[in-house]
Amino acid sequence: MKSILFSVPIHIFTIVSTFASANMPPEFELIKEGNGLSFYERWINMEDGTKSREVKFTIKIQAPYENVMEVLTKEDYGMRWNDNTLAYKIKRTGPQSWISYMRYSFPFPLSDRECYLNNRIEERKESTRIYFNSSNSRFFSNEEEMEQMTGLEGRWIVTEKEGYTLLRYHIISVPEKGLPRWIVDPIIRRNLWNTMRNLKKTIEEI
C-alpha cells in the first residue's frame, strides 16, 4: 500500500506543489474544531490525474514562541505528541535542518509503517517556517521490511501574537491505495486531531 497522511511529523498551511494542477483547487472543508484547534481538508487534482489530500490546521497556543520551537525541533518531545508512535528520532544535518523519523502503529486494516522527513527552518520577519518533505534516508530502520510513508510535503508556520502563539500546519499526501476512503478517512482524521491536540498540550505544559 502507498502511504497515508500523518505527522507529523506529523507535516497545517497552504502549500504550492510543483505537481499541482493548474486548475483552481476547491475550498477547504472544516472537519473539526474546538479548544483552539481548527482542522480543514480538501482534495486536489495532481498533474498525473490522481487526487491528493491537503490538510490544514490552525492552533492557538497559550505559550511563548520559544516553547513551540522547542517541542517541534527536539527529539525528547516527539513521543509525547505524535499519536500512535512507537519510535521518534532526529538526526541533525545542519544548524537549521534535520531528518525526523517516526514509526507508527495503526489500527487494522492499516499496517505499521515508517516515515522519514527532511526538515529545514526559514526565518522570516513576520514568522518562522519549518518546511518538510519525504526523505529517502533509512538509517533508523531495522532490517525488517516496513511500509514507508512517502510523497509527503508541507510546512509549519509559527507566528508570535499578543498573548499567544499561532501555529499553522499544512500538508499534502499521496492517497492511500487499496482501501476505500470510508475506511481510511476516519483513521487519518482521528490520528491528525489527536496528534495536534497532544502537540498543543505538550507545548503549553513545558
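Predicted model: local features only at pLDDT ≥ 70, side-chain atom pairs only at ≥ 80, totals over all residues.
**Stop 1: Asp83**

Show its neighbours: Asp83 touches Tyr104, Asn191, Asn194, Thr195 and Asn198, leaving aside residues up to four places away in sequence. Asp83 belongs to the loop between α2 (78–81) and β4 (85–94). Which side chain of opposite charge is nearest to Asp83? That is Arg197, 6.4 Å away. Asp83 is buried, yet has no salt bridge.

**Stop 2: the whole chain**

Zoom out and colour by secondary structure. The chain has three helices and ten strands. Follow the order along the sequence: β-β-β-α-α-β-β-β-β-β-β-β-α. The chain has 206 residues, and 51% of them count as buried. The accessible area of the chain is about 10100 Å², with 48% belonging to carbon and sulfur atoms.

**Stop 3: the salt-bridge network**

Now look at the charges. The whole structure holds ten salt bridges. Start with Glu41 and Arg53, whose side chains meet at 2.6 Å, N to O. Glu41 lies in strand β2 and Arg53 in strand β3 (residues 51–61), so this pair ties together parts twelve residues apart in sequence. Are the two residues buried or exposed? Glu41 is buried at 3% relative accessibility. Arg53 is buried at 3% as well.

Asp185 sits in helix α3 (residues 181–205) and Arg53 in strand β3, so the bridge ties together parts 132 residues apart in sequence. Asp185 counts as buried at 6% relative accessibility. Glu41, Arg53, Asp185 and Arg189 are linked in a network of salt bridges.

**Stop 4: along helix α3**

Move along α3 to Lys200 and Glu204. They form a salt bridge, the closest N and O atoms being 2.8 Å apart. Why can they meet within one helix? Glu204 and Lys200 are four residues apart in α3, which means a separation of about one helical turn. An α-helix has 3.6 residues a turn, so residues three or four places apart point the same way. Glu204 is partly exposed, with a relative accessible area of 31%. Lys200 is buried at 6%.

**Stop 5: helix α1**

Select residues 65–73. This is helix α1, and seven of its nine residues are buried, so the helix is largely enclosed by the rest of the structure. Which residues of α1 are buried? They are Tyr65, Asn67, Val68, Met69, Val71, Leu72 and Thr73.

**Stop 6**

Go to strand β2 (residues 37–45) and pick Trp43. Trp43 is buried, with a relative accessible area of 17%. Draw a distance from its C-alpha atom to that of Val55. The separation is 8.7 Å, for residues twelve places apart along the chain. Then centre on Tyr40. The charged end of Lys56 sits over the ring of Tyr40, 4.9 Å from the ring centre.

**Stop 7: aromatic pairs**

Show all Phe, Tyr and Trp rings. The whole structure contains nine aromatic pairs. Take Tyr101 and Tyr116: this pair is tilted, at 4.8 Å centre to centre and 45 degrees between the planes. Tyr101 is in strand β5 (residues 97–104) and Tyr116 in strand β6 (residues 113–123), 15 residues apart, and the pair links distant parts of the chain. Tyr101 is buried at 3% relative accessible area. Tyr116 is buried too, at 1%.

Next come Phe139 and Phe140. Their pair is edge-to-face, with 4.8 Å between centres and 75 degrees between planes. Phe139 is partly exposed at 38%. Phe140 is partly exposed at 23%.

**Last stop: an aromatic cluster**

Select Trp81, Phe132, Trp156 and Tyr169 together. These four form one aromatic cluster.

Definitions and conventions: Residues numbered from 1 in each chain as written. Heavy atoms only, no water. Helix = DSSP H or I, 4+ residues; strand = E, 2+ residues; numbered from the N terminus. Buried < 20%, exposed > 50% of the residue type's maximum accessible area, 1.4 Å probe, protein only. Areas by Shrake-Rupley, 256 points an atom, 1.4 Å probe, with all protein chains shown as cover. Phe/Tyr/Trp six-rings, centres within 6.5 Å; stacked < 30°, edge-to-face > 60°. Lys NZ or Arg CZ within 6 Å of the ring centre and 35° of its normal. Lys, Arg positive; Asp, Glu negative; His and termini not counted. Salt bridge = Lys/Arg side-chain N within 4 Å of Asp/Glu carboxyl O. Contact = heavy atoms within 4.5 Å.
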